[in-house]
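Here is a quick tour for someone meeting this structure for the first time. Take a look, then read on.

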Amino acid sequence: MPKILIVGGGYAGFYTAWKLEKWLRKGEAEVTVVDPLPYMTYQPFLPEVAAGSIEPRHAIVSLRRHLKKTDVVTAKVTKVDHATKTATITPEIGEPWQYEYDQIVMTAGAVSRTFPIPGVADEAIGLKTIEEAEAIRDKLLTNFQKAANLPAGPVRDRLLTTVVVGGGFAGIEIFAELRSFATDLLKNYPQLTIDDTHFHLVEAMGRIMPEVALETSHWVLKNLAERQAIVHLDTQLQSAVGGKVELSTGESFESDLIIWTAGVMANPVVRSTDFPIEARGRISVQPDLRIVTEDGSVVEGAWACGDVAATPDITGGGVGGFCVPNAQHAVRMGKQLAKNLVASLRGENTTDYRHDNLGAVAGLGLGIGVFQSGKFALKGFPAWVAHRGYHGLAMPSWERKIRVVSGWANNIALGRDIASLDNVTRPRAAFEEFASRPKPAAPAESAAPAAPAPEIGKPADAAGPAYADPADGSKAAEPVDAPAAAPAAKKAPVRKAAAKKAPEAEKATASE
């Protein structure tokens, strides 16, 4: 039976496996998905998770629960040698092993791309994982709790200052959602006003959201300004050391929450393969999603799609001639790849991937959004409804859809939950604080061994018998000269005193 190895369980990998389960006949192939995480993250929901509008677990899809016929391996693929069709699988605990395959699908996705700006690696947080989104939410809530107990001043300003770097879709969405969340929080903190909160977005280019029309992006800027959220265009972050944000314009301020959304890059695992890599670090593929060499030759048994692949956009709408790395393409590529892979196994023709962009939709906080499709644009509440409608339907499986939509309904009726679970990063802290521990043992008194009892018939101050060393089994040690031996005393207290002096006598002998 042919073995199909899928490297990565994100959008593209999950949908490839999901559709293979549907279209493969029983016994036609064996499918294995390898990913270090046991779930797929629906990344368009990360801003809403950070803003408390969606519960974190509702924005992920369990691989084992929804891939019933697929072997799910929670580990990393650290090397692929397609020449021998073997992959090295490395678990978090245990020894790596070699996996032999017949067909391989590279869908390892993307990771945050940063620049060597001082302080970013130490102070900032990304927005690519569900854990990051949850941490951002808890950090914002915890900072409000701390700031409410402080007088106005630099410390409180730092706690209430949020900085987002990057003005693309992800950056604008997280920026606007957090601004909406913070404004909503103020009704629970009478000690604070909207003037006490500070939100800054830093964008190196002269505009935001290049996926929408310039007019639409101007409307977004105006809306954010009305909500006291500052956008710095044509501005670069120069330093974030110690939480002090320094901009290329000369402005500087301190922040306790710095979020980096200024770019992504293909998962570095592609460098540990023998597949052709293009200039931007992605695997080269042809329109039917087969991996190809530099001269256009097909690499048999190898496929790739999603953020890790440089996929030609045959509609002509892609940047640089390639499909943009977003969820809309990754989901559809996964479905098309599964169809082509099944067709290849059956000796049938494959189909090129083609998808005309449906448009771009973004949520900017409760009741506010934008939608752009060609020259048509929606703004405000209608666009927000379109945003939730589209992504609610796009969430895989009815089980996940129901959880997300019911959560939205609960929030409308009951409001967002504003309890911070920041201490989840140290779950044993409360237990350790009050746990009883055994008392430390009292230090033993250092004492020299007591002098042996004198032989019968000898005076107490005479030298004792010579004893063999039990450690090495020698017959007998040389007798100790009487003058060098500590005199034995008849009474215990005297013997203890002599014993305590013994180390001093040894030190004196050593110094001589």
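Two strands count as paired if DSSP finds at least two bridges between them. Helices (H or I, at least four residues) and strands (E, at least two) are DSSP runs, numbered from the N terminus. This is a predicted model, where local features need pLDDT of at least 70, side-chain atom pairs count only at pLDDT 80 or more, and totals for chains, interfaces and linings use all residues. Residues are numbered from 1 along each chain as its sequence is written, and side-chain values use heavy atoms, leaving out hydrogens and water.

| Pair | Sense | Bridges | Facing residues |
|---|---|---|---|
| Strand 1 (residues 3–7) and strand 2 (residues 30–35) | parallel | five bridges | Leu5 and Thr32 |

Strand 1 is mostly covered, with four of its five residues buried (under 20% relative accessible area; exposed is over 50%, partly exposed in between, with a 1.4 Å probe and protein chains only). From strand 1 the chain goes through helix 1 to strand 2, a right-handed β-α-β crossover: with the strands pointing away from the viewer, the path from the first strand over the helix to the second runs clockwise.

Helix 1 covers residues 11–23. Since 10 of its 13 residues are buried, helix 1 is largely enclosed by the rest of the structure. Among the buried ones are Tyr11, Phe14 and Leu20.

Elsewhere, three strands make an open antiparallel sheet in the order 24-25-26. Its edge strands, strand 24 (360–363) and strand 26 (376–379), each pair on one side only. Four bridges join strand 25 (residues 369–373) to strand 26, and Gln372 sits opposite Ala377 there.

How values were computed: The expected span of a helix is 1.5 Å times one less than its number of residues.
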